[in-house]
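Q: Hi! I have a protein model open and I'd like to go through it bit by bit. Could you help me read it?

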Amino acid sequence: MKSAAIRDKYLRFFEERGHTVVPGSSLVPDEPSLLLTTAGMVQFIPYFRGDRRPEHTRLASVQRCLRTTDIDKIGHTARHLTFFEMLGNFSVGDYYKQEVIPWAWEFVTKELGIDPASLWVSIFLDDDEAFDIWRNLAGVPEHRIVRLGEEENFWSMGPTGPCGPCSEIHYDFGPELACGPDCGVGCDCDRFLEIWNLVFMQYNRDEAGEMHPLPKKNIDTGMGLERVASVLQNVKTNFETDVLKSLIEQVAEISGVAYKQEARTDISLKIVADHTRAITFMINDGILPGNEGRGYVLRRLLRRAVRHGRILGLDRAFLPELVETVVKLMGTAYEDVGKNELFIKEIIKDEEDRFRNTLKAGLVVLDGFLEDVATAGATAIDAATAFKLYDTYGFPLELTVEIAAEQGLGVDESGFAALTEKARQTAKNAAGMERGEEEQGVFAKIFDEAGPTEFLGYKDISLTTVIGAIVHNGTVVKKATSGEDVEIVLGQTPFYAELGGQVGDTGTVKTDTGVIDISWTYPPVRGLTAHRGKVVFGNVITGQPATAAIDNERRAAIRRNHTATHLVHWALRMVLGEHVRQGGSHVDEHRLRFDFTHGKGLSAPELEHIELLVNKKILENHPVRAYTTSYKYATESGALALFGEKYGKNVRVLEIGDFSRELCGGTHVARSGDIGQIRITSESSVGSNLRRIEAVTGLGALRLAHQNEVVLREVERQLKTNIAGLPGRVEHLLREQKTLERDIAALQSRLGSSEAAELVTGGTPAGPALIIAGVLPNKSLDQLRAVVDEIRNRNGTAAIVLGSSTADGANLIVAFGSVLDGSQLDAAAIVRQAATAIDGGGGGRRDLAQAGGKKTDGLAEAVETARKEIAHRLA
């Protein structure tokens with residue numbers, strides 16, 4: 001049975017039993033405590049926790065999941081994957097054990113046709129209720145029901161919260177796969193395969209560790225699609241099921257490596273196949289390569305795939321080809337993957353190309369370090385070296401560990417973690433600390449008691465409301481007096497809370513007894529608006545009627561900039577193509593910033609075209625309207641959603657004329673003409689495949705034009721010409737500059753030749769060589785190389801050590817003449833040894849190597865260290 005048929009059969013089975021089939025959620029979860037979606041129940045956590053009530057109490061889904069906890073086991077075992085699909089059925093206070101257990105057995109044995117004689121069931125040690133139902137209602141023989149401990153058969157959401165026993169169905173591949181005489185259900189070998197886990201949420205664990213019965217018991221089940229497919233397709237591993245097998249076969253074909261011929265290459269084939277699915281779906285769900293959080297997980301998986309492709313002999317970009325296969329195999333079940341295929345491939349190709357360059361440079365340096373470690377007789381790479389590889393060369397720790405392990409060496413990972421944390425804390429302290437969890441807890445309590453804040457600011461700029469709560473220094477107070485900084489919560493508000501890239505409103509809140517100047521508005525918890533400001537007159541009291549009024553002139557400027565971002569998005573897609581997606585934005589009263597996905601910088605004609613298109617739409621004065629509708633209807637009608645963003649059932653749609661339609665909750669102008677005009681001020685890169693446009697509108701655009709006019713007039717004055725004559729005047733000055741630069745280069749060349757001759761004359765004979773060492777003043781690395789090349793041309797027996805420092809740091813070169821090539825001298829090893837004196841590192845060939853460092857006052861020591869080492873080796 002194919003994987004697609006298993007998916008359909010599962011959902012149909014539970015739909016017939018009163019379940020509402022819901023789409024699987026994104027790999028980016030709503031749950032803030034989770035980095036990635038790791039199970040089918042993640043999207044239902046608010047229901048199980050009691051935060052929200054579901055429309056339906058019986059639910060079923062197919063969920064794409066990603067886990068990296070067992071990443072080191074991928075390819076080594078039959079069952080472990082990073083990306084997998086989980087089939088799940090869920091009950092939120094509806095049915096319980098006596099329904100779900102018989103259903104599970106019926107589906108596995110009758111719908112899927114798995115032989116009951118090959119199945120085992122595990123339950124929690126003292127779950128007699130589950131035992132009786134398995135035996136009496138499902139008809140499982142008593143000797144096939146195994147009781148296991150808390151580690152195997154008790155599930156919890158975390159240290160506190162919902163938890164309960166669970167029961168698992170295991171498939172027995174037969175005694176021939178047993179790991180020993182004590183092999184049994186729960187063993188981690190490949191004989192017994194857990195295919196379905198039924199979790200019975202019946203307790204709530206408090207902070208003291210005590211468990212209390214839940215008022216309503218819940219069911220959460222998860223069946224691994226790849227695992228059950230391996231059983232139904234009569235194969236021993238997940239990697240031989242239809243989807244993964246097709247990927248492995250393709251990797252084997254393009255690499256020319258046969259599958260099941262060698263264990264080492266089989267592991268690489270499996271890793272590439274598994275990781276390709278993972279990175280495809282991560283990018284599809286809006287995750288982009290980065291150095292933190294989800295972006296780092298994606299980058300790590302992609303780089304592991306590239307490195308294992310290299311082990312297979314793939315020295316070119318190959319992952320985009322595999323993405324095409326993933327889309328063919330899974331595009332029917334996940335239509336959005338097909339729609340985003342071009343974008344996914346572009347992101348992957350760019351990241352793969354970048355990492356190949358990193359890998360090439362990093363491997364040269366790492367090989368040198370490994371050689372030094374082996375020479376010194378050490379058993380591990382030290383933390384400082386591992387961190388330098390990571391921080392200076394962009395070489396991931398995971399690859400350092402893997403490559404070192406292949407050489408029988410370890411890595412000081414705990415020391416590396418300490419150095420990384422130290423660097424992270426330094427950066428965090430420089431950026432400022434984030435708001436404390438305690439303060440968030442205060443607002444969560446306010447929300448529980450008062451409910452959400454009603455936002456009326458789409459229409460109202462001022463309204464009468466009531467002060468619902470006052471927070472001062474992280475504590476709820478009844479009253480605040482003049483001079484105190486406060487955060488207040490209102491029952492209704494015209495103030496927009498910072499969200500979706502739009503800054504929060506400012507303004508005033510007035511009562512009969514006092515006035516608060518509001519400097520920022522934001523949502524401390526979802527649904528609640530906090531107004532931060534200072535009491536500037538009198539005092540304010542909880543429960544008082546108040547007049548809340550925004551700074552409307554500021555809001556008008558923000559509206560112009562926000563609507564302009566939608567026009568910029570439309571124009572970018574018109575000029576560059578439909579692969580362009582919004583990657584983020586920031587809108588305030590001064591400017592707009594729009595991040596978008598694109599693989600290269602924009603040319604001047606492209607920017608001019610985009611600006612012209614936007615201004616044309618502004619002049620055409622199109623109507624701008626917003627309305628609320630269902631997410632399903634909005635996306636089906638062509639509304640663009642922010643890439644990777646999570647939306648509720650109902651969304652707000654913004655339409656401009658008949659050409660732009662996007663999901664957006666911000667504030668906007670009534671007609672495009674209200675924007676006035678737009679001027680693009682910059683375009684730059686903000687990450688891999690992510691570009692940024694900044695622009696000004698309205699009065700800001702007028703001010704920019706005036707500033708440019710002032711600068712232009714000053715340039716005219718200084719160059720003694722007018723606007724029409726400026727290009728010719730600048731061209732003339734540039735020609736003069738190039739002539740002067742050529743003259744300077746010629747003088748430097750003659751100087752270098754003279755310096756080379758002087759250095760050769762002052763050289764020290766040492767056996768077959770002439771050692772030439774010294775520090776030259778204020779030379780760039782290129783100038784230093786030119787002197788070295790001149791010496792080598794003059795004397796084939798030269799052993800050269802030259803250093804120089806500039807404002808950028810210290811540079812060091814070790815080189816040998818042609819007569820010394822192939823001797824016992826190794827320039828790369830010597831320069832690495834000497835570079836420690838300048839707090840740097842380097843590498844190169846045996847006959848020519850270079851190093852750089854920050855410590856310029858250690859340059860003389862570095863040169864002397866290298867000179868002595870050369871003399872020692874020659875002796």
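A: Happy to! Let's start with cysteines: a disulfide is a pair of cysteine sulfur atoms within 2.5 Å. Keep in mind that this is a predicted model.

Q: OK, how many disulfides does that rule give?
A: The count comes to zero disulfides.

Q: Is Cys 189 buried or exposed?
A: Cys 189 is buried, because its relative accessible area is 13% and buried means under 20%. Cys 664 is buried too, with a value of 11%.

Q: Let me zoom out. What is the chain made of, in helices and strands?
A: The protein chain has 24 helices and 34 strands. Its C-alpha atoms fill a box of roughly 100 × 85 × 50 Å along the principal axes. Of the 875 residues, 50% are buried.

Q: What about helix α14, how many of its residues are buried?
A: Seven of the 10 residues in α14, which covers residues 397–406, are buried, so this helix is largely enclosed by the rest of the structure.

Q: Which ones are they?
A: The buried residues of α14 are Leu 397, Glu 398, Leu 399, Thr 400, Glu 402, Ile 403 and Ala 404. Just after the helix, Gly 408 has a positive phi of about 75°.

Q: Which residues have a positive phi without being glycine?
A: Lys 260 is one of them, with a phi of about 65°. Asn 778 is another, at about 50°. For background, most residues other than glycine have a negative phi.

Q: Where do those two sit?
A: Lys 260 is in the loop between α7 (242–255) and α8 (263–284). Asn 778 is in the loop between β30 (769–775) and α22 (781–794).

Q: And are they buried or exposed?
A: Lys 260 is exposed, with a relative accessible area of 52%. Asn 778 also counts as exposed, at 59%. The cut-off for exposed is over 50%.

Q: New topic: charges. How many salt bridges are there?
A: The count comes to 46 salt bridges. In general, side chains of opposite charge can pair when their charged atoms come close.

Q: Which residue pairs with Arg 867?
A: Arg 867 forms a salt bridge with Glu 864, and their closest N and O atoms are 2.8 Å apart. Both residues lie in helix α24 (residues 859–874), three residues apart, which is about one turn of the helix.

Q: Why does that spacing matter?
A: An α-helix has 3.6 residues a turn, so residues three or four places apart point the same way.

Q: Which other pairs could I look at?
A: You could look at Asp 70 and Lys 73, whose side chains meet in a salt bridge at 4.0 Å, N to O. Asp 70 is partly exposed, with a relative accessible area of 28%, and Lys 73 is partly exposed at 32%. There is also Arg 135 with Glu 142, where the closest N and O atoms are 3.3 Å apart. Here Arg 135 is partly exposed at 32%, and Glu 142 is partly exposed at 48%.

Q: Which residues form a negative surface patch?
A: Asp 72, Asp 382, Asp 412 and Glu 413 form one. Asp 412 lies in the loop between β11 (410–411) and α15 (413–431). Asp 412 is partly exposed, with a relative accessible area of 32%.

Q: Last one: where is Glu 168, and is it buried or exposed?
A: Glu 168 is in strand β7 (residues 161–172). Glu 168 is buried, with a relative accessible area of 8%. The C-alpha atoms of Glu 168 and Val 146 are separated by 9.7 Å, and these residues are 22 residues apart along the chain.

Note on methods. Residues are numbered from 1 along each chain as its sequence is written. This is a predicted model: local features need pLDDT of at least 70, side-chain atom pairs count only at pLDDT 80 or more; totals for chains, interfaces and linings use all residues. Side-chain values use heavy atoms; hydrogens and water are left out. Patches are made of residues with over 30% relative accessible area and no salt bridge: like charges are joined within 9 Å, nonpolar side chains (Val, Leu, Ile, Met, Phe, Trp, Tyr) within 5 Å. Accessible areas come from the Shrake-Rupley method with a 1.4 Å probe; for residues, only the protein chains shown count as cover. Lys and Arg count as positive and Asp and Glu as negative; His and the chain ends are not counted. The place of a charge is taken as NZ of Lys, CZ of Arg, CG of Asp or CD of Glu. Helices (H or I, at least four residues) and strands (E, at least two) are DSSP runs, numbered from the N terminus. Buried means under 20% relative accessible area, exposed over 50%, partly exposed in between (1.4 Å probe, protein chains only).
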